[in-house]
Amino acid sequence: MSDSHADVLEHPDSISKVVLQKGLDAGTAFEILSIDISDIDIGKNIGAELQIDQANADKNIAQAKAEERRAMAVASEQEMKAKAQEARAKVIEAEAEVPKAMAEAFRSGNLGIMDYYRMKNIEADTSMRESIAKPNSSSNRPLTE
């Protein structure tokens, strides 16, 4: 047998030798004198086609897995956004309770009017310090421009 058609084209007598070695002329009324090759058809390389098909299948699987990972990343991002929104809602809900708690503290006598004014003074002082600390803030511009 030959590895490729090129070997057969280089040594056409190898076909005759193989036919005679295998005894393909035995039991016939004819004697094989020579074998002439008029045409050679090269068939498909099925092994190569199978490898190409397998490579395409592997590529499709890899693409599907990559798309799955991308979809999972998008879903995870959306989930994180929803959790952040939920946390903001809880903060707003808690901030809404502050005035109610202060009113209850006034009623029960745990918070006096002077305590309330001191707290407001501290808030204003903190706000002023924050505005001074931010150099690009619109409230921190010089008075004369």
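Q: Which element of the protein chain has the highest mean pLDDT?
A: This is a predicted model, and its protein chain averages a pLDDT of 84, with 91% of the residues scoring at least 70. Among the elements, helix H1 (residues 5-10) has the lowest mean, 76. The highest mean, 94, belongs to helix H3 (residues 46-108).

Q: How many Å does H3 reach from its first C-alpha to its last?
A: H3 has 63 residues. At 1.5 Å a residue, the expected span is 93 Å. The span in the model is close to that, at 91 Å.

Q: Which residue just after H3 takes a positive phi?
A: Helix H3 covers residues 46-108. The residue in question comes just after H3, and its phi is about 85°. That residue is Gly 109.

Q: Is Gln 78 buried, partly exposed or exposed?
A: Gln 78 lies in helix H3. Buried requires under 20% relative accessible area and exposed requires over 50%. Because the relative accessible area of Gln 78 is 45%, the residue is partly exposed.

Q: What distance separates the C-alpha atoms of Gln 78 and Ser 131?
A: Along the chain, Gln 78 and Ser 131 are 53 residues apart. Gln 78 belongs to helix H3, while helix H4 spans residues 113-133. The C-alpha separation of Gln 78 and Ser 131 is 34 Å.

Q: Which residue meets Arg 70 in a salt bridge?
A: Side chains of opposite charge can pair when their charged atoms come close. For Arg 70, the N to O distance in the salt bridge is 2.8 Å, inside the 4 Å cut-off. The two partners are three residues apart in helix H3, so about one helical turn separates them. The partner of Arg 70 is Glu 67.

Q: Is Lys 100 buried, partly exposed or exposed?
A: Lys 100 meets Glu 97 in a salt bridge, at 3.5 Å from N to O. Glu 97 has 42% relative accessibility and counts as partly exposed. The threshold for exposed is over 50%. Because Lys 100 has 53% relative accessibility, its class is exposed.

Q: Which residue forms a salt bridge with Asp 115?
A: Asp 115 is partly exposed, at 34% relative accessibility. The closest N and O atoms are 2.9 Å apart, and the partner is Arg 118.

Q: How many salt bridges does the count come to?
A: A pair qualifies when a side-chain nitrogen of Lys or Arg is within 4 Å of a carboxyl oxygen of Asp or Glu. Among the pairs are Asp 115 with Arg 118 and Glu 97 with Lys 100. The count comes to nine.

Key. Residues numbered from 1 in each chain as written. Predicted model: local features only at pLDDT ≥ 70, side-chain atom pairs only at ≥ 80, totals over all residues. Heavy atoms only, no water. pLDDT = per-residue confidence, 0-100. Helix = DSSP H or I, 4+ residues; strand = E, 2+ residues; numbered from the N terminus. Buried < 20%, exposed > 50% of the residue type's maximum accessible area, 1.4 Å probe, protein only. Expected span 1.5 Å × (residues − 1).
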